[in-house]
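Here are some friendly notes to read beside the model. Please keep the 3D view open and find each residue as it comes up.

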Amino acid sequence: IGTPVFLESGGRPLCRVTDLIIDPENGKIAAFSVSPANKKLISPMDIRAWTNQIVIRSHDDIVGSEDLLRANEIMEMQRPILKNKVYSQKNGDYLGKVYDYVVHSELLVLKKIYVAKSILGLAHFDGRIIPYKAIYEILPKKIIVNTDAELFEEDKDDQKAFEFGRA
């Protein structure tokens, strides 16, 4: 979010990414929003490159939300990732809210979510990194995750770094 969007031919940034529309069914990016209220979108198929900037071919790649049907359906479902509450599937424990997430820039899929409890939204504590494969379901007002240890094995080093404030 905040990544500038450029044309392949160069020049000044056209706009900035304001949100990612992520499909709650499969974790794929359905669209990049480049306007308030998600009125203007860029399809992932129109992205030529994504590093510290997004490159598109032409102005025509920025379309109205009604032109991207799946993205429109996802927005109507109102199942956000960011700021959504997270609960354990096993015992229903509240784990915190999603305050950040990581997307694979080549595959354009959600990789992991960063979850923590907070005091007045200011100080985070009891943080954890949850890999996408541990997400059981994304609902309008909560995300349910499977907290089984084997799902977290590959992210052990990330989790340790996060716990010690190095991530």
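1. Let's begin with a hairpin: strand 13 and strand 14 form one, with 3 residues between them. The two strands, residues 135-138 and residues 142-145, run antiparallel and are joined by 3 bridges. Within this pairing, I138 stands opposite I143 in strand 14. Strands here are DSSP runs (E, at least two residues) and helices are DSSP runs too (H or I, at least four), numbered from the N terminus. Two strands count as paired if DSSP finds at least two bridges between them.

2. A word on where this comes from: the model is predicted, so local features need pLDDT of at least 70 and side-chain atom pairs count only at pLDDT 80 or more, while totals for chains, interfaces and linings use all residues. Residues are numbered from 1 along each chain as its sequence is written, and side-chain values use heavy atoms, with hydrogens and water left out.

3. Stay with strand 13 for a moment, and look at Y136, which lies in it. Is Y136 buried or exposed? Y136 counts as exposed, at 53% relative accessibility. (Buried means under 20% relative accessible area, exposed over 50%, and partly exposed in between, using a 1.4 Å probe and protein chains only.) Leaving aside neighbours within four places in sequence, Y136 is in contact with Q89, I144, V145 and N146; contact means heavy atoms within 4.5 Å. Y136 and N146 are 10 residues apart in sequence, and their C-alpha atoms are 6.0 Å apart in space.

4. S33 is buried, with a relative accessible area of 0%. Not counting residues up to four places away in sequence, S33 touches R16, V17, T18, D19, N38, K40 and L41.

5. Now for charges. Side chains of opposite charge can pair when their charged atoms come close. How many salt bridges does a search of the whole structure find? The search finds 6, a salt bridge being a side-chain nitrogen of Lys or Arg within 4 Å of a carboxyl oxygen of Asp or Glu.

6. One of these salt bridges is between R70 and D23, whose closest N and O atoms are 2.9 Å apart. R70 lies in helix 1 (residues 69-77) and D23 in the loop between strand 3 (19-22) and strand 4 (29-33), so the pair ties together parts that are 47 residues apart in sequence. A network of salt bridges links D23, R70 and E73.

7. Another salt bridge brings together the side chains of R48 and E8 (3.2 Å, N to O). This pair links distant parts of the chain, 40 residues apart: R48 is in strand 6 (residues 47-50), and E8 is in the loop between strand 1 (4-7) and strand 2 (15-16). R48 is partly exposed at 44% relative accessibility, and E8 is partly exposed at 45%.

8. D126 also forms a salt bridge, with K117, at 3.4 Å between the closest N and O atoms. D126 is partly exposed at 36%, and K117 is partly exposed at 22%.

9. Finally, please look at the surface, where I119, L120, L122 and F125 form a nonpolar patch with about 490 Å² of accessible area together. I119 belongs to strand 11 (residues 109-119). Patches are made of residues with over 30% relative accessible area and no salt bridge; like charges are joined within 9 Å, and nonpolar side chains (Val, Leu, Ile, Met, Phe, Trp, Tyr) within 5 Å. Accessible areas come from the Shrake-Rupley method with a 1.4 Å probe, and for residues only the protein chains shown count as cover.
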